[in-house]
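Subject: Structure handover and findings

Dear colleague,

Please find the structure below for your records.

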2 protein chains.
Amino acid sequence: MDQGLRKCKANYAPLSPVTFLERAAAVYASRTSVVYGGASFTWAETHERARRLASSLLSLGVARGDVVSVLAPNIPALYEMHFAVPMSGAVLNAINTRLDHKTVAAILRHSGAKLLFVDREYAPLARNALQHLTDKPAVVLIDETGGEYEELVRRGDPRRELPELDDEWDSIALNYTSGTTSAPKGVVYSHRGAYLSTLSLLLQWEVGSEPVYLWSLPMFHCNGWTFAWGMAARGGTNVCIRAPTAGAMYRAIADHRVTHMCGVPYLFGVLLDAPAADRRPLPHPVRMLTGGSPPPPRLLEKMEALGFAVTHAYGMTEATGPALVCEWRSEWDRLSPERKSALRARQGVSVLSLGEADVRDPRTRGSVARDGRTKGEIVLRGSSLMKGYFKDAAATEAAFAGGWLWTGDVGVVHPDGYVEVKDRSKDVIISGGENISSVEVESVLYGHPAVAEAAVVAMPSEKWGESPCAFLVLHDNTTAITEEEIVAHCKNNMPHYMAPKKVLFVESLPKSANSKVLKYQLRAHARAICNSSSSTTQMNKNTKPPPSRPPRSQFPRSYDNTHETEILARSRL
Amino acid sequence: MDQGLRKCKANYAPLSPVTFLERAAAVYASRTSVVYGGASFTWAETHERARRLASSLLSLGVARGDVVSVLAPNIPALYEMHFAVPMSGAVLNAINTRLDHKTVAAILRHSGAKLLFVDREYAPLARNALQHLTDKPAVVLIDETGGEYEELVRRGDPRRELPELDDEWDSIALNYTSGTTSAPKGVVYSHRGAYLSTLSLLLQWEVGSEPVYLWSLPMFHCNGWTFAWGMAARGGTNVCIRAPTAGAMYRAIADHRVTHMCGVPYLFGVLLDAPAADRRPLPHPVRMLTGGSPPPPRLLEKMEALGFAVTHAYGMTEATGPALVCEWRSEWDRLSPERKSALRARQGVSVLSLGEADVRDPRTRGSVARDGRTKGEIVLRGSSLMKGYFKDAAATEAAFAGGWLWTGDVGVVHPDGYVEVKDRSKDVIISGGENISSVEVESVLYGHPAVAEAAVVAMPSEKWGESPCAFLVLHDNTTAITEEEIVAHCKNNMPHYMAPKKVLFVESLPKSANSKVLKYQLRAHARAICNSSSSTTQMNKNTKPPPSRPPRSQFPRSYDNTHETEILARSRL
C-alpha cells in the first residue's frame, strides 16, 4: 500500500508548539500578543524577540537537550522563553517561585541547568539557592528597566538559522512537582505531547478566536496548563501580571476586557472577598478554568453570580495539566443552581488528546461499574502524558505500571461517563469499615455561612479505626460559633457517621507552594490531639455507629510515610 | 536527556480518528450520534455497530492495508464505515456517486478494492462499472430495509479483538480526485494526518460542544472535509440526508435544530432560490463552511441575510480538505456589508495543523511581498497533507517538488496575512501583458441583478493575445438584457481593459461531478466562436488598450492540453 508514500518536508512536520508562534507571526502579525503594565507587543514582535533570544542562547553555548531554568513571575520574558528556549533546542525549566531556596537548589542540581534566568524580585532566592551548589549555572538577570535579559534579546540575530526539530519526541519542558517532603520529581514533556495537549485544551475549553487571557495562573504550573503555547495558537492577547491580587486581576479584566483566565479555587476566595476599592465591574462574563482541588459547589455558585463562567478541570503535572474537563451539557441548563454547581464540581470527561481515562480497581486493575458509586483509582493514558521523570527511570516505570498512569486519586464514574474525584487515596477516611470522603465532608462545611476554608482529615479512633477531624478558617466578620453548631450543621446535611468528630478553628491552613492544603501536617496535628485528649471518644458516644465492616477493605494501600511522601511528590495542577 | 524516557502504552498512542469514536462511546454514550429519517442512534450504538462491522470485515478476509470501496449517499452506513473500515486495518475509499460508470470502474481497478459496498440507489451504476472489470471486488448491498450491510453488522462480534494500530502513518482513506479528462488520482491520508486535520478544523471553525451537523456536503469529499471524524470528536449529532435538496435541507435544519453545515457555493443557490413551499424558518443562525470555489460576495451577503453565518475555506483533496480558512476578525464588525462580504470572500489563514501556507513565485520559489497585489502560486506544507498519490510515486514526487505542495492556484497575500486566490494558474487571462483575474471579473458580473451564474475564460485575440469572454446564466424572471448592458455594467465597476470583450448567454454552465465549472470546455467554446467571427476584434476598438508588456511574462506555465489535464485532475474541495 505504502509504496512511494513516504514522509517528506511537504507532508510531515514534527509536532511542536513552537510552530504556533511561527504561524502567529505570519497570520496575526500586527495583533497584540502580550501586554504588561505600559508595555505591549505584537505577535510579529514576540516572534522576533523569541528568535533573537534563541540566537543569543546558541551564542552562549546552549545545545540540544540542555536545561534552561527560570525563576520569574508571569512577565513577558517568561512568556517569550516558552518559545525561545525550545527554538534553541533546549528544555525550559520554569521553577515555582514560591519554593524555598533549598528546594530551588535541589532542582537546579538535579536538572543540571546550564543557565538560570532570574527576575530581580527573586534574585535573593536565587542567590541563596546558588550557595548550595558547587557547579553553578550562569545567571541572567531579568529586569524591567533593561537588564541582561533585554541585552540578550537586543544582540541576538533574528535571521540566524535555528536548529531544526527532527524528532517530536524531543523534550520541550521540565516541570518539577511541588513535592513538599521528598525531593521534587522532574516531569519531562515532549514537543509532541505539549502540542497535542495544547490543541485539545483549546478545543475542550472552546477558546475561540481573539481571546484575551489573564495570567492569574502561574506559567510555572505545567506551562500555564499549556495556555502559554495555546495563546500563540489562537493569536490571543496575554495579559501579564506579577501576582494575582484582587486589585491586579479586577483591573486587568476591566482594562483589557479579559475573556479567559485560569486558577486554583484559592483564587475564588481572592476574587470573592476583595475589598470594594479593589473591585471593578466585569465587562462581560469571564471564562475561568479551575482545577487543583475540587471546587466547593457553594463557591462555584458565588463565582457564577459574580459573572465568572467557571469550568472545572482535573489534572496533574504528569498529564501536562488538565486531563479531565467538566464539559457542560445543555440538558443541565434547566436544573437548579445547586444542582448545576454540584454537576460542575465533577471532574468530567477526558480531553481529546488523552487517549483514555478510566477508574479502575487497584487490585484487579479492571474498570469499575459506571454507577456513580463504585470507587476506584483514576488512571490515564495517551499522548498528552509526560515522557517520564527526569533521571529517574525507576520512578517512571512505577508511574506507568501496566500501561497506565495511576493518579493516586479515588473516583467514581457516573452513568453519564463523567468522572468524579472522591478523594486522594490517602485522604479517604475509613471509619468502622465505611469510607468517608473528606472532600464530601468539606463540601458540606463550605455550605455553612461562617466557613471560609475547610480541610478534613482522618484522626485515629480506638473504636472506629479512623474518624473525620475538621480544620476550619472562619470569615473575618464571623461572630462566635461553637464546635457543636458545626457538627449539628453537618449532621443536618449528611449521614451522621460522616460528621466530624472533632472540629478545630485555626487562623490559616498549612499550604504548599502550589496553595494545596498540606493534609499530612493536619493529620499529624490530629494524631497529636487524639493522643493528648479523650474528647473524640466521648463525642462518639452520641453518634450512630455505621454498619461494621473490616477496616480499610476497599483500598488496600499502605498508609505509611513512604507512600504518603511519594504521593505528595506527584503533584496535581 | 532522554535516558529512561521511552514511549510506552501509557504515554504514547498513535494518532487516529478512530480514537474519537472510542472516546465518544465512553463519554457521550447516550447522546444522539446519527439521525436519518425515522432512525436514530446513540454514540454507544454507533460504536458497537462499527465494531460489529469491523469484526465482519475481518471475517470476510479483509487485512491491513486492503481497500474497501463504497458507493453511497450520506447515510448512516457510510458514516459508520468511516470508523469500521480503519478499525479492521483497511483503507476507506468513498467514491463520488456522481461519476460515470467508466470512471468508477477505473477507480475500482486502480484501488484494487477488495470489497465494494453499494447503496441500492447506485446498484445500476455499480453493475455497469463492474462490467468493465475482470478482477471484481465482492459486493455488499446497503439497503434501508435491511440488506447485506445490516446482516454484516448483525453477525459481527462487538467484543472481537481488533488489530491494533501500530503506526500512525498507516493509511486510513483513499480519495480520488475528480479528474474530468484524465484518469483520477488516488489521494492517500494517514491516520495521523486525518487526526490532526480533524482537530485543527474543529478549532478553526470553532465547533463547540453538542453541534448538530447537517450532511449537506458529500462524505466522499475528503471524508466530509474531516467532519465525519470531527463529529465523533465533539460528540455531535450527524443529520444524514440522501441529497441536499432545498426541501431536505430546510426541513432538517428546522426539525433537528442544525447548528453547522458545509457545502460548495452551489448550495447557496439551492437555498436562496428555494420555492416557498420548501422553506422553513431557521431556528437560529446556522454556521456554514464553504469552499471549492471563491464565493461571490453578493451571494455571501444574501446568505447572511437569510440567517447563515458563512465561513469561507480553501482547500483540496491533497490537503485533507480545507487548508486555509477565512478567520473572522472582530475589527471587521463595524465595516459595511459589502466590505465584510469582500473580506469574507478571501481564502484566509492556514489551519493550525498545516505547518505553513505561503504564496511563492513559481520561478524563484521565494515568497511574494505581502502587499495584496503581487501574485504567486499558493503552496502548502505540513502534517495535514496527503501521504501522496496511490501507486504513483512519480506524481507524488512532482506534487511535493521542493518540499511544498504546489496548488496550481494563483493568489496574493494581504498585509494582514490573509491569502486571496486570484485564479487557477490557467484561469488567468493575459491581455496585452496584463493579468486579468477571471474571478474578479466574475465577481463584478455577479453584482448585476440579472446574473445567476457567471464564468469568465480567456478567448484568443489577435491584438491582445487573450481577452476575457463571459458565459452567463440569467435568473428565470429576468427580462431581456443585452451584451452591451452587461459590458457597460462591468466598465462601471472595474478597469475598462478587464471588461469582457464577449458575453454569451447560456442555459447552464458545464460542470464536473463536484459542481465545478468545466472552464476548459468554455475555453474551447470561446476559441470556436473566435475563429468563426470577428466580433471580438471589432469590440476591442472601443476599449482603451492596457500598457503593452510581453504576454504571459508573469506565469511562464505551459498551457498545452497535457498541463490542463494534469491540473484538472488535482481537484479542489
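Trp169(B) is buried in this predicted model, with a relative accessible area of 8%. The structure holds 20 aromatic pairs over all chains.

The interface between the chains

Chain B and chain A bury about 5,700 Å² between them, and carbon and sulfur atoms give 54% of that area. The contact draws 68 residues from chain B and 68 residues from chain A.

Charged contacts also cross this boundary, where 4 salt bridges are found between chain B and chain A. Over all chains, the whole structure has 56 salt bridges. Glu327(A) makes a salt bridge with Arg23(B), and their closest N and O atoms are 4.0 Å apart. The pair joins two chains, because Glu327(A) lies in the loop between strand S14 (321–325) and helix H13 (337–344) of chain A, while Arg23(B) lies in helix H1 (residues 18–27) of chain B. Are the two partners buried or exposed? Glu327(A) has 5% relative accessibility and therefore counts as buried. Arg23(B) likewise counts as buried, at 5% relative accessibility. There is also a salt bridge between Glu327(B) and Arg23(A), with the closest N and O atoms 4.0 Å apart.

Salt bridges within the chains

In chain B, the side chains of Glu442(B) and Lys519(B) form a salt bridge at 2.6 Å, N to O. Distant parts of the chain are linked by this pair, since Glu442(B) is in helix H15 (residues 438–446) of chain B and Lys519(B) is in helix H17 (residues 519–532) of chain B, 77 residues apart. Glu442(B) is buried, its relative accessible area being 11%. Lys519(B) also counts as buried, at 11% relative accessibility.

A further salt bridge in chain B brings together the side chains of Glu483(B) and Lys502(B), at 3.7 Å from N to O. Glu483(B) is part of helix H16 (residues 483–493) of chain B and Lys502(B) is part of strand S25 (residues 502–505) of chain B, so the pair ties together parts that are 19 residues apart in sequence. Glu483(B) counts as buried at 16% relative accessibility, and Lys502(B) is buried with a relative accessible area of 15%.

In chain A, salt bridges that share partners join Asp119(A), Glu121(A), Glu144(A) and Arg242(A) into one network.

Helix H13 of chain A

Which residues of H13(A) are buried? They are Ser341(A), Leu343(A) and Arg344(A). Seen down the axis of H13(A), the buried residues fall within an arc of 160°, so they line one face of the helix. Those buried residues pack against helix H12 (297–306) and strand S13 (308–316) of chain A.

Aromatic residues and charges over rings

Trp205(A), Tyr213(A), Trp215(A) and Phe227(A) make up one aromatic cluster. Elsewhere in chain A, Arg381(A) places its charged end over the ring of Trp404(A), 3.9 Å from the ring centre. In chain B, Arg344(B) lies over the face of Trp328(B), at 4.4 Å from the ring centre.

An exposed position

Ser59(A) is located in helix H2 (residues 43–59) of chain A. Ser59(A) is exposed, with a relative accessible area of 54%. The C-alpha atoms of Ser59(A) and Glu151(A) are separated by 13 Å, and these two residues are 92 residues apart along the chain.

With kind regards

How values were computed
Residues are numbered from 1 along each chain as its sequence is written. Chains are lettered from A and ligands numbered from 1 in the order in which they are written. This is a predicted model: local features need pLDDT of at least 70, side-chain atom pairs count only at pLDDT 80 or more; totals for chains, interfaces and linings use all residues. Side-chain values use heavy atoms; hydrogens and water are left out. Helices (H or I, at least four residues) and strands (E, at least two) are DSSP runs, numbered from the N terminus. Buried means under 20% relative accessible area, exposed over 50%, partly exposed in between (1.4 Å probe, protein chains only). The arc is that of the directions from the helix axis to the C-beta atoms. Contact means heavy atoms within 4.5 Å. Rings of Phe, Tyr and Trp (its six-membered ring) pair if their centres lie within 6.5 Å; planes under 30 degrees apart count as stacked, over 60 as edge-to-face and the rest as tilted. A charge sits over a ring if NZ of Lys or CZ of Arg is within 6 Å of the ring centre and within 35 degrees of the ring normal. Buried area is the accessible area (1.4 Å probe) that two parts lose on being put together, summed over both.
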